[in-house]
Each structure stands twice: as C-alpha cells, then as structure tokens.
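Hi,

Here's the structure I promised to pass on. Have a look at it first, then read my notes below.

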Amino acid sequence: MAKRTFSTLETFLIFLLVMMTAITVALLSLLFITSGTIDNHRDSGFPATEGPKTTQNSPATQGSTAPQGSTRTQGPTATQEPPGTTTPEPPLFQNFSGFHIGVGRADCTGQVADINMMGYGKTGQNARGLLTRLYSRAFVMAEPNGINRMVFVNVDIGMISQRLRLEVLNRLKSKYGSLYRRDNVILSGTHTHSAPAGYFQYTVFVIASEGFSNRTFEYMVTGIVKSIEMAHRHMKPGKLFINKGNVDGVQINRSPFSYLQNPLSERARYSSNTDKEMLVLKMVDLNGDDLGAISWFAIHPVSMNNSNHLVNSDNMGYASYLFEQEKNKGYLPGQGPFVAAFASSNLGDVSPNIRGPHCINTGESCDNANSTCPTGGATMCVAMGPGQDMLDSTQIIGRTLYQRAKELYALASQELTGTLTSAHQWVNMTDVTILLNSTHGAKTCKPALGYSFAAGTIDGSGTFNFTQGTTVSDPFWDTLRDQILGRPSDEIKECHKPKPVLVHTGELTKPHPWHPDIVDVQMITLGSLAITAVPGEFTTMSGRRLREAVKAEFATYGMQNMTVVISGLCNVYTHYVTTYEEYQVQRYEAASTIYGPHTLSAYIQLFRVLAKAIATDTVANLSRGPEPPFFKQLIIPLIPNIVDRAPIGKNFGDVLQPLNPTYRVGEVAEVTFVGANPKNSAENRTHQTFLTVEKYEDNSTTWRTVHNDASWETRFYWHKGLMGHSNATIQWHIPDTAEPGIYRIRYFGHNRKQDFLKPAVILSFESTSSAFEVVNI
C-alpha cells in the first residue's frame with residue numbers, strides 16, 4: 001500500500017500523545033515499590049497471613065437494641081489473633097463406598113470503592129458501592145483413605161490471576177503441608193465483570209486495574225483460603241452424582257461470523273453455535289442429605305454492562321444465590337451449610353444479551369462481520385439482555401440457570417465411582433512445538449494483542465472506534481506504538497499473522513513482563529468425570545475440540561465413556577483461545593488469542609499428555625515444568641488513601657435523608673447517612689456487612705436481621721465528595737414476600753483518621769435509621 005503522510009494536525013496529536021504518555025510513565029515509575037510486595041504495600045491493615053478478628057459489634061449479632069439514630073465510634077481495631085497452630089485431626093472414616101466431601105463458602109469481596117472493575121477494561125468504571133457480596137465456594141473431595149484428594153474453588157471474580165493462585169498455594173502449604181498442592185487444587189473464576197480489579201502482577205492487567213491493590217489481593221486470598229479450610233473441616237463420607245441437560249433461551253454467539261469460518265462438516269454435527277449443555281455435579285452425604293453442587297455452563301456474566309458501578313456477581317452469582325437460598329431456609333445470604341457454585345466453561349464467544357446487537361442510535365441490527373453501525377461505528381453497536389434494564393436481565397438469566405440446575409440436581413442418578421487422580425504441568429506457552437500431522441508442525445508465539453482487541457465486543461465496546469475483524473494495521477497507531485513502546489520484531493509479527501500486532505506484549509518487560517509466559521495446564525478425574533482446567537476463555541468450537549480430543553485420548557488408553565467438562569478461567573489468565581479458522585478473521589476473541597494461531601492446537605496437545613498420564617498411571621513421570629515468577633515490585637493504586645471527614649456539626653453515620661414513616665411492598669425504602677470510604681472496611685473487617693434490614697419482633701422485643709448486603713434486594717451506594725467527605729445511601733427494594741411490620745435500616749462503616757505526626761488508624765462506626773412500617777397494598 002502507498003506510504004501514508006500525516007497532516008499537521010495528526011503530527012501534533014502524535015506529539016501530544018507521546019508527551020502525555022512519557023509523563024504518565026514517569027509518574028508511575030515514582031510509585032514503584034522498592035521491596036517485597038506483601039511487606040511494603042501498606043494499604044492492607046493486617047498481616048499477610050491472617051485476617052482481623054470480628055468483634056462483638058458485628059452486625060451478625062442478633063437482638064441488638066441500639067438506640068435509633070445513634071452512632072458508636074470505637075478506637076482502632078487492628079488487634080489480631082495470634083497465629084494459630086494446626087490441631088491434629090482424627091483419621092477419616094474409611095469403610096464406605098464413595099468419597100469424602102466437604103464444602104465451604106467465604107467472603108472474598110475486596111474493596112467496593114476507589115478501585116477499577118475487572119473485565120470491560122473501561123476507564124472510569126470504578127466501584128462506587130455494592131449490590132451483592134462476592135464469595136469463594138470451595139469443594140474438597142477425597143477417596144475413602146483420604147490420600148488422593150482434590151479441591152475445586154469457584155470464585156466470584158473476573159478471573160484467577162497467577163499471583164492469586166501462587167499465594168493461595170503457599171498458604172495452604174504452610175497450613176497443610178503437602179496435602180493441597182499445585183496438581184490437586186483448581187481455582188476458577190466465574191468471570192463476573194463487576195468485581196474489583198487490582199490483584200494481578202503482569203503489566204497489562206496492572207494497567208487495566210490502575211495499579212496493584214494489596215488490600216483487595218489480601219481480602220481475596222484470605223477468603224479463598226478460608227473457604228478451603230471450611231470445606232476441609234466439614235468433610236464427611238458421601239456420594240457424587242452427575243447429570244447433564246440443555247439450557248435454552250439464555251445465550252447467543254456474539255461472534256457468529258467467526259464461528260462460520262469453522263468447517264461446514266464440523267458445524268453440521270451440532271445444532272447450535274453455542275454449547276447449551278449444563279453439567280451438574282451433585283454432592284450428598286451417605287444419608288442422602290444435600291451438601292452442595294457445582295454447575296458448569298458456558299455463558300459470559302456480562303448481563304451487568306459497563307455502565308454499572310456496583311460490585312456484584314452478575315447472572316452466575318444470582319443463580320448461586322437462588323440455589324443456596326432455596327436449600328438454606330432460614331439463613332441469610334452467604335450463610336448456611338449448602339454451597340452451590342455456578343462455574344464458567346467455554347464461554348469465549350457466548351453472550352447472555354440475547355436480544356442481540358443493535359445500533360443504540362437507530363435501533364437497526366449491527367450483527368455484521370465488524371459489529372459496526374452506519375453512524376457512530378463500533379461504539380454504537382451494543383447487545384441487550386432480555387430484561388427492562390441490566391439488573392432485570394441479570395435476574396432473568398440467573399433465574400433460568402438456577403431453575404435448570406435445580407432440575408438436573410434433583411434428577412442426578414449417574415454415580416461417580418472409582419479413583420481420584422490429578423495431573424498438572426507448568427508450560428512455557430511461548431515455545432510449544434505442535435505436531436499438526438505426520439509431516440507438518442507449528443509453534444506458538446510470544447504474546448501479542450491485535451487491533452481488534454481494542455475494539456471490544458458487542459457486550460462492551462472499546463474506544464477510539466477500533467473495529468472487530470481488522471486484519472491490516474494502521475500507520476497512525478503503529479507510529480504511536482513505536483514511539484511509546486518500541487517496534488515489534490519481525491518475528492512476532494510473522495508468527496501472529498494474519499493478526500496485525502497492536503501491542504507486542506511478549507517483548508515488553510518493564511516494569512515486569514506484560515503477559516505470562518508460564519501457564520498452568522491441569523486435569524483432575526473423579527471416576528468417569530474429567531475436569532479440564534483451562535487458563536482462559538475458550539470459544540464454543542475450541543471447547544468442543546478440546547473435549548473431544550481429551551475424551552478420545554482417554555479411550556485410546558482404556559478409559560472409555562469419560563465425561564469431560566471444561567472449567568474456564570482457571571489458575572492464570574491468558575485471554576482467549578479460538579480455533580485456527582476463527583483466528584483468520586480476527587474478531588475480538590481472535591485478536592485476544594495471545595499465543596498465536598496455533599494456541600488451541602498447543603492446548604489440545606498438552607491436555608492429551610495429561611489425559612494419557614492419568615489413563616496409564618504415569619502422572620508421577622510428568623515433568624513439573626518451569627515455575628512461574630512471583631514479582632515483588634508492583635505499582636501501587638493510583639487513588640491515594642485520604643482521611644475521611646464528616647461535615648461540621650455531624651458525625652459519621654448521622655442521617656442526612658431520613659426514611660418515610662410508611663412503605664408498601666414493591667416500593668423502595670431509601671436512607672442517606674454521613675459516610676466514610678468503604679475501602680476502609682476491606683482493611684478493618686470489624687463489620688461483616690455494610691448494612692442490615694431488621695424487623696422488630698413483638699414476641700421477643702428484639703430486632704431480627706432479615707437482609708444484609710449480600711441480599712439482592714438491597715443496594716449500598718457510596719457518593720464521593722471533596723476533601724474526604726462522602727455520603728452513603730442504602731436502599732431496600734421491598735419484595736412482595738416482606739411481612740408487614742416495623743423495620744429499620746442499619747449502616748456499618750469504617751473511617752480513616754490521622755492525627756498530626758501520627759500514623760493513620762481506621763475506626764469502626766455504626767448507625768441506625770428511624771423505624772418505619774411496611775404494609776400490604
């Protein structure tokens with residue numbers, strides 16, 4: 001093509017962007033930590049190895065009789081429990097047929113303010129409150145002798161970072177020795193796009209997170225480990241059953257043009273361009289009493305779009321909420337013995353926004369190869385869910401998932417019996433040689449992101465009007481990249497063809513590598529079920545090919561009729577994995593396949609090695625592989641910690657906007673308090689909730705908690721002001737099931753205080769609204 005010349009305006013813009021970038025890089029460099037991350041990221045209010053002790057002011061305490069409208073401020077609550085010692089446990093009962101099963105659930109929400117949300121990569125989509133708590137749900141399963149065991153953890157976050165997994169494994173080793181290891185612990189993210197960021201170590205994700213937040217990292221690690229500890233303690237003999245069935249009306253393929261590039265003969269074997277099958281693993285004790293469930297299904301949790309600012313678990317989390325509330329009658333959300341996880345699968349090209357893409361300015365369809373609109377381009381092309389708004393869509397999709405999982409759970413009769421085996425390798429994904437056939441081979445590439453990565457998807461578009469399906473580079477963006485980051489090598493550009501390389505992340509190492517080289521591949525078999533833990537987002541057809549290859553490998557070595565389930569977003573995040581054919585048209589998913597066009601073939605080859613090792617009882621002969629790094633110098637959050645301030649004449653927790661005296665069911669009760677930054681509550685966890693809705697009980701003359709901030713009927717909004725001032729608004733969307741009576745709303749928070757020449761302390765406070773009455777229509 002002819003060489004492009006730049007106008008005076010374009011030249012000026014390039015110069016301006018280069019200067020702004022240079023200044024930004026210089027500022028970020030000043031923020032680098034100069035020694036160990038855990039020791040030096042002081043935005044965490046407690047040691048790395050333990051969490052704070054809950055005090056008696058916890059809102060979980062029932063029967064509180066605090067005066068209405070009062071606030072109570074305590075002194076610093078950084079008192080820690082001394083490190084505990086592990087008490088030897090009695091030997092497990094072994095004389096039974098089945099598996100030992102334990103389940104556990106723990107809060108892993110992290111901070112809900114002053115942090116970016118992870119998923120859409122949209123600047124300015126920072127958290128400003130809470131819709132629902134985020135949970136880590138852990139499942140421990142072991143053979144009767146207790147030796148061969150596994151842990152599957154489903155976490156309500158965007159994805160598992162490598163740093164998160166390595167730290168969890170380190171803490172498990174400290175507590176349990178070699179009982180829980182890299183090969184038998186799977187960590188999987190639900191992929192909600194409404195959870196906090198900030199827990200990564202590779203530079204691309206640190207930039208997307210706007211820094212590394214040790215506060216959130218510690219909160220998540222502590223929650224994951226706690227859920228595993230609970231499951232470990234609660235192990236009992238039981239039975240495992242599986243069941244499968246289709247779920248209709250909840251998903252579309254958001255890149256159908258890419259899907260159509262796959263061979264017609266292959267597509268003809270399937271009735272849909274998405275995987276509609278849900279697989280449910282049912283867990284009961286020997287008496288048949290319910291323990292828990294894991295439901296794997298391919299769907300993006302993006303019913304909550306990129307205009308949302310409330311932390312929540314999206315459609316998969318709502319399904320868990322409904323299932324657990326159904327089984328745990330009388331318990332508040334997040335409590336009760338039954339644990340229900342809805343886990344991700346090959347969701348790479350699957351959207352819950354089933355009304356499909358339309359131009360938001362004209363209403364016409366934009367379901368085309370580039371997902372663009374005649375006016376406004378790609379940013380106008382947006383897919384919508386089935387509801388009136390994003391929250392309604394979240395609940396519609398989540399309710400359908402729950403109802404189908406409940407049906408499959410009730411009818412599950414195929415028992416899993418036999419052995420439990422785990423296999424794991426670390427692999428350098430930048431240097432895998434693939435045997436395509438008897439005469440041809442290929443290699444994976446150093447990581448790189450293509451132009452269409454910047455375009456985003458119909459679930460959330462990018463900026464600067466990049467478009468999906470871009471297969472040629474643009475001189476303007478290439479020049480800008482070369483000036484800021486340097487030129488990509490000819491090797492990386494050639495390896496990734498036909499992807500036009502936008503960012504050559506595999507060749508960028510400052511301040512740390514921008515993408516991982518070392519990746520986990522892992523598989524665990526429970527009798528005839530093979531859980532294939534993949535480190536990213538496989539598209540529909542990629543997942544199908546991987547399942548078929550693994551199943552065939554098992555069959556080749558004598559393990560017939562294996563059920564293979566793909567568990568997505570496990571252990572380390574490496575973006576997307578498309579088929580070779582889908583890669584050629586370079587929509588978003590292909591541009592985000594960072595190891596090049598043969599990535600899927602490499603993963604198939606690697607997982608076949610694991611399947612063969614399990615089938616032939618040669619797992620012990622597998623090489624460990626190169627261990628991934630754990631970086632100790634990371635960029636701190638760009639938003640600083642500042643002292644909270646109440647207005648003159650006011651205290652934290654004072655009511656600014658009172659409740660009405662009476663509400664009807666179906667209405668919204670709303671109250672506003674003098675607030676403090678909610679991120680303080682991620683450091684000092686004196687309170688386990690930001691709010692409670694309480695009902696007065698005449699018989700006992702006490703207040704009974706009926707909702708907390710994990711309830712989908714409540715909202716916690718934080719309104720940030722200037723100079724440390726803020727307000728907190730609590731809403732209760734009164735459901736039709738609410739009993740008539742007298743209610744009140746309580747607010748629990750923490751404020752940061754710092755006296756002159758003294759270190760900052762975090763103080764807890766709480767407040768109570770006036771009482772109000774709920775009546776029927």
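This is a predicted model: local features need pLDDT of at least 70, side-chain atom pairs count only at pLDDT 80 or more; totals for chains, interfaces and linings use all residues.

**Helix 3 and helix 5**

Take helix 3 (residues 162-176) and helix 5 (residues 214-233), which pack at an angle of about 45 degrees. That angle is why the two are called oblique to each other. Their axes are 10 Å apart, and helix 3 goes past helix 5 in a right-handed crossing.

Who meets whom here? On the helix 3 side you'll find, among others, Leu-164, Val-168 and Leu-172, and on the helix 5 side the residues include Phe-217, Val-221 and Ile-228. Sorted by class, this contact has 10 nonpolar, two polar and six charged residues.

**Helix 8 and helix 9**

Among the residues making the contact are Tyr-318, Leu-322 and Phe-323 from helix 8, along with Ile-397, Leu-401 and Tyr-402 from helix 9. The classes here come to 10 nonpolar, four polar and five charged residues.

**Ser-422**

Now zoom in on a single residue. Ser-422 sits in strand 17 (residues 420-428). Is Ser-422 buried or exposed? Its relative accessibility is 10%, so Ser-422 counts as buried, the cut-off for that being under 20%.

Leaving out residues up to four places away in sequence, Ser-422 touches Arg-181, Asp-183, Asn-184, Met-523, Ile-524 and Val-619. With Asp-183 there is a polar contact, side chain to side chain, at 2.6 Å. Also check Leu-526: it is 104 residues from Ser-422 in sequence, yet the C-alpha atoms of the two are 9.0 Å apart in space.

**Thr-599**

Last stop: Thr-599, which is in helix 15 (residues 599-615). At 1% relative accessibility, this threonine counts as buried too. What does the side chain of Thr-599 reach at 2.6 Å? That would be the backbone oxygen of Gly-596. Setting aside neighbours within four places in sequence, Thr-599 is in contact with Met-429, Val-577 and Thr-593.

Happy exploring!

Technical notes
Residues are numbered from 1 along each chain as its sequence is written. Side-chain values use heavy atoms; hydrogens and water are left out. Axes are lines fitted to C-alpha atoms, for helices over the stretch in contact, and angles run from 0 to 180 degrees between N-to-C directions. Helices (H or I, at least four residues) and strands (E, at least two) are DSSP runs, numbered from the N terminus. Angles under 35 degrees count as roughly parallel, over 145 as roughly antiparallel, 65 to 115 as roughly perpendicular and the rest as oblique. A crossing is left-handed if the near helix is turned anticlockwise from the far one by less than a right angle, and right-handed if clockwise. Contact means heavy atoms within 4.5 Å. Ala, Val, Leu, Ile, Met, Phe, Trp, Tyr, Cys and Pro count as nonpolar, Asp, Glu, Lys and Arg as charged, and the others, Gly among them, as polar. Buried means under 20% relative accessible area, exposed over 50%, partly exposed in between (1.4 Å probe, protein chains only). A polar contact is a pair of N or O atoms within 3.5 Å; within protein, one must be able to donate a hydrogen and the other to accept it, and residues adjacent in sequence count only if both atoms are side-chain atoms.
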